[in-house]
Amino acid sequence: MTKKIFILFLLLFVSRLFSQNFDINTLRSINLNRNESLDPTFEHITNSYAVVSIGTPLTMYAVGLINKDAKLKKDAIFIVESVAASVFITVALKEAIKTDRPFVTYPEIEKLTSAGGYSMPSGHTSIAFATATSLSMAYPKWYVIVPSFVWASAVGYSRMHLGVHYPSDVVAGALIGSGSAYLTYKINKWMNKKRNKEGL
């Protein structure tokens, strides 16, 4: 509960940090001055969040089953739990904050992909960073960490390039996703310790 409150306060701090003028001016710069030839690439990147975030733990769990690797299966479940936590927190905050999408408030912003619901925080970014953080915590090697966070950052940037999120939405999503993975790790650690004590 303390971690959730911390994340919420951090989110509010980030929202204030990014004033409305800075937010929309930065988005205009990214969206309206974009290289249009990269539009299809960023649409693929934005859509990759579901494939990677679902496909990675599913593949890990399947390989774990085949090889009878308990750790691999446990790591796969950890990623799923982290993503689930980020989705829950993101949806709750979207409904609580109720920020309109940028293309609704500012008609000059070009919407280049589908986007429903409220804007703050970015769900795609939240899920991508939950996946990247949990994967990096499970396998803290540079060749896992670097590609994971480059991909998650690209997903976040794509949401602005495609005109469906403000920069503050993306930053908040990144914090929520990373925070969800950390919170899930701490809860799992606490539960394992409790189980071990009960087993003695």
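Does Tyr106 count as buried or exposed, and at what relative accessibility? At 16% relative accessibility, Tyr106 counts as buried, because buried here means under 20% relative accessible area, with exposed being over 50% and partly exposed in between (1.4 Å probe, protein chains only).

## Ground rules

This is a predicted model, so local features need pLDDT of at least 70 and side-chain atom pairs count only at pLDDT 80 or more, while totals for chains, interfaces and linings use all residues. Residues are numbered from 1 along each chain as its sequence is written, and side-chain values use heavy atoms, with hydrogens and water left out.

## The chain as a whole

Here's the overall picture. Helices (H or I, at least four residues) and strands (E, at least two) are DSSP runs, numbered from the N terminus.

Of the chain's 200 residues, 42% count as buried. The accessible surface comes to about 11,000 Å², and 66% of that belongs to carbon and sulfur atoms; these areas come from the Shrake-Rupley method with a 1.4 Å probe, and for residues only the protein chains shown count as cover. Take the contacts (heavy atoms within 4.5 Å) between residues at least 6 apart in sequence: 80% of them join residues at least 24 apart.

## Back to Tyr106

Tyr106 sits in the loop between α5 and α6. Leaving aside residues up to four places away in sequence, Tyr106 touches Gln20, Ile24, Arg28 and Tyr166. Arg28 is 78 residues from Tyr106 in sequence, yet their C-alpha atoms are 9.5 Å apart in space.

Helix α3 covers residues 39–66, which is 28 residues. From first C-alpha to last, α3 reaches 40 Å, close to the 40 Å expected at 1.5 Å a residue (the expected span is 1.5 Å times one less than the number of residues). There is still a bend of about 35° at Ser48, taken as the angle between axes fitted to the seven residues ending there and the seven starting there.

Ser48 is also one of the buried residues of α3, along with Asp39, Phe42, Thr46, Ser53, Pro57, Met60 and Gly64. These buried residues pack against α4 (70–97), α6 (123–138) and α7.

Most residues other than glycine have a negative phi, and most peptide bonds are trans. Lys68, in the loop between α3 and α4, has a positive phi near 55°. Lys68 is exposed, with a relative accessible area of 76%. Lys98, in the loop between α4 and α5, also has a phi near 55°, but Lys98 is partly exposed, at 47% relative accessible area.

The peptide bond from Met120 to Pro121 is cis, with omega near -5°. Pro121 is found in the loop between α5 (102–105) and α6.

## A nonpolar patch

Trp142, Tyr143, Val146 and Val150 make a nonpolar surface patch of about 490 Å². Patches are made of residues with over 30% relative accessible area and no salt bridge, joining like charges within 9 Å and nonpolar side chains (Val, Leu, Ile, Met, Phe, Trp, Tyr) within 5 Å. A salt bridge is a side-chain nitrogen of Lys or Arg within 4 Å of a carboxyl oxygen of Asp or Glu. Trp142 belongs to helix α7 (residues 142–161) and is exposed, with a relative accessible area of 66%.
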